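Subject: Structure for you to look at, with notes

Hello,

Please find below the structure that I promised to pass on to you. I would be grateful if you kept it open while you read the notes that come after it.

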Amino acid sequence: MSTTVYNPFREMDRWFNQMNRTSTDRVMPMDLLRDGNEFIVKMDLPGVDPDSIDIDVDDRTLTVRAERKQHEMTTNDEKNQWMSRERSYGSYARQLTLGTGLDLSGIAADYTDGVLTITIPVAEEAKPRKIKVATNSASTQIESGEADK
């Protein structure tokens, strides 16, 4: 005996979710890592025209915008129809708040194989450095000289 519960709204829910997918799935999955003296951001943007990618920095906010155009059917033949449409189309945008200690003028971007890579270098003044300890050798000699008398 089957224990499946009949749900008359299941097909309507599935249809509704598919229709809403185009407006809610416009995300740019992102990885962020630090590699030595730079931060590397990788964003998945498959199918995006590289000319549509716009990156800007305003104050300490990095904004990435891109657009993927929708594929249209090439013929008006009534036999052609979409059976499933799960890929999202339209405008994409993502903002990152950048902390202090980054070289904003040295940011570089590359788009290869559907992945946008943004490299953000650490500013020179924010890089770790060693501080040399100075000694006053003249003072040390006088003290040791007086101790010998």
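Predicted model: local features only at pLDDT ≥ 70, side-chain atom pairs only at ≥ 80, totals over all residues.

Residues are numbered from 1 along each chain as its sequence is written, and side-chain values use heavy atoms, with hydrogens and water left out.

The chain as a whole

The chain holds two helices and seven strands, where helices (H or I, at least four residues) and strands (E, at least two) are DSSP runs numbered from the N terminus. Read from the N terminus, the order of these elements is α-β-β-β-β-β-β-β-α. Of the 149 residues, 18% count as buried, and here buried means under 20% relative accessible area, exposed means over 50%, and partly exposed lies in between, with a 1.4 Å probe and protein chains only. The chain exposes about 12,000 Å², of which carbon and sulfur atoms supply 49%; accessible areas come from the Shrake-Rupley method with a 1.4 Å probe, and for residues only the protein chains shown count as cover. If one takes the contacts (heavy atoms within 4.5 Å) between residues at least 6 apart in sequence, 55% of them join residues at least 24 apart.

The second largest pocket

Rolling a probe the size of a water molecule over the atoms shows where empty space is left. A pocket is an open set of points on a 1 Å grid over the protein atoms alone, where a 1.4 Å probe fits and where there is protein on both sides within 12 Å along at least five of seven lines; its lining residues have an atom within 4 Å of a point. The second largest pocket has a volume of about 170 Å³, and 13 residues line this pocket, the closest to its centre being Leu-32, Phe-39, Leu-98, Gly-99 and Leu-102. A volume here is the space filled by probe spheres set on the points, which are joined across faces, edges and corners. Strands β1 (30–35), β2 (38–44) and β5 (90–97) each give at least two residues to the lining. By class, the lining has eight nonpolar, four polar and one charged residues, where Ala, Val, Leu, Ile, Met, Phe, Trp, Tyr, Cys and Pro count as nonpolar, Asp, Glu, Lys and Arg as charged, and the others, Gly among them, as polar.

Two threonines in strands

Which side chain does the side chain of Thr-63 meet in a polar contact? Thr-63, which is in strand β4, makes this contact with the side chain of Gln-95 at 3.1 Å; a polar contact is a pair of N or O atoms within 3.5 Å, and within protein one must be able to donate a hydrogen and the other to accept it, while residues adjacent in sequence count only if both atoms are side-chain atoms. Thr-63 counts as buried because its relative accessible area is 6%. Thr-117, in strand β7 (residues 115–121), is also buried, with a relative accessible area of 16%, and its side chain makes a polar contact with the side chain of Lys-42 at 3.4 Å.

Beyond the residues up to four places away in sequence, Thr-117 touches Ile-40, Val-41, Lys-42, Ala-108, Ala-109 and Asp-110. Ala-108 itself is in strand β6 and is partly exposed at 41%; its C-alpha atom is separated by 6.8 Å from that of Ile-120, twelve residues apart along the chain.

Residues in loops

Asp-59 sits in the loop between β3 (54–58) and β4 (61–68), and its phi is near 60 degrees, a positive value in a residue other than glycine. Asp-59 counts as exposed because its relative accessibility is 68%. Asp-113, in the loop between β6 (108–112) and β7, has a positive phi of about 55 degrees although it is not a glycine, and Asp-113 is exposed at 77%.

His-71 lies in the loop between β4 and β5 and is partly exposed at 49%. Leaving aside neighbours within four places in sequence, His-71 is in contact with Trp-82, Arg-85 and Tyr-89.

Best wishes
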